Amino acid sequence: MEVIIEKGPEDVGRRTANMMADAILRNPSIVLGLPTGNSPLVVYKELIRKHKEGGLDFSKVISFNLDEYLGLPPTHPQSYHYFMASNLFDHINVDRSNVHVPSGLSIDPEGFCKSYEEDIKRHGGIALQLLGIGRDGHIAFNEPGSSLGSRTRVKTLTKETIDDNARFFKNADEVPRFAITMGVGAIMEAKKILLIATGKSKAQAIADAVEGPITQMNTASILQLHPDTVFILDEEAAGNLKRRDCYRWIQENKHQVNDVLSRQIKKRLGM
Ligand code: GLP
């Protein structure tokens, strides 16, 4: 697990978007896993900028979103379909037939969840998964207590998440109680994962996920077992990490590995 600490949210957005753009340039038909929420907005803004100003091409990119509220039509301003369209898809040259967001209106949610996972497999699996994190350490809608091996399914939202979301709805009763979400086990199958977090309210969830025990009470903590996960945090979100200085030191020195390798190669070649 790698931990990158940037100054503020905009820096987190730039760093993450650079990594994503790099992956898209290397593989133009990459399969991305995408989240919603406030945190990825800085990333999406930067990706849009890269498309408009630098010609970053999304025409072959395939994407699967993590989750959607059960019962909300795609036209509902609080649905994740609407969020993704207005904050990313409407502003880049993505082919809409390559974009997948779970359906909140399915009359057979279980069947839908199964076919969503099959669809991801048919596309070769998710190569790069972007994640946010909830204040209680949840990823996608895998609330505390979710099985760390869970698959894509319907999930009952916790009171904390419903309260967090209430600000987006006219009144608390309108906030959906259920969502379709990719499971923790399904997320763990992504080849590479970037988890972003900004702001003080995420500091404890991040400390628990990165340095705490692996537990279903903080579903992001399972990422400790993932072979290629990078946490990209701003200073506030990194505020409760005990080994902050160590992560910084590693980042500052990491690039020197190439110098060491090229010295070794030159020596071997007698240069
Ligand atoms: C929701 C989403 C998650 C997201 C979380 C945090 O629960 N399902 O994918 O990570 O909110 O969102 P924010 O970035 O707005 O704090």
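Start with strand β7 (residues 153-156) and β8: they run antiparallel, joined by four bridges. Strands here are DSSP runs of E, at least two residues long, numbered from the N terminus; two of them pair if DSSP finds at least two bridges between them. Select Arg153 next. Its bridge partner in β8 is Thr181.

This is a predicted model, in which local features need pLDDT of at least 70 and side-chain atom pairs count only at pLDDT 80 or more, while totals for chains, interfaces and linings use all residues. Residues are numbered from 1 along each chain as its sequence is written, and side-chain values use heavy atoms, with hydrogens and water left out.

Asp67 stands opposite Thr181.

Now show the open sheet. Its seven strands follow the order β1-β10-β9-β6-β2-β3-β5, with parallel pairing. β1 (2-6) and β5 (99-100) are at the edges with a single partner strand each, so one side of each has no neighbour in the sheet. Zoom in on β2 (residues 31-34) and β6 (residues 128-131), a parallel pair with two bridges. Leu32 has Leu128 as its bridge partner in β6.

Move to the ligand. Around it are Gly37, Asn38, Ser39, Asp67, Tyr80, Gly132, Ile133, His138, Ala140, Phe141 and Lys202, taking residues with a heavy atom within 4 Å. That shell has four nonpolar, five polar and two charged residues; Gly counts as polar, and Asp, Glu, Lys and Arg as charged.

Check the polar contacts (pairs of N or O atoms within 3.5 Å). Select Lys202: a side-chain N or O atom is 2.6 Å from a ligand oxygen. For His138, a polar side-chain atom lies 2.7 Å from an oxygen atom of the ligand. At Ile133, a polar backbone atom is 3.3 Å from a ligand oxygen. The protein covers 89% of the 390 Å² of accessible area that the ligand has on its own (Shrake-Rupley method, 1.4 Å probe).

Note on methods: A polar contact is a pair of N or O atoms within 3.5 Å; within protein, one must be able to donate a hydrogen and the other to accept it, and residues adjacent in sequence count only if both atoms are side-chain atoms.
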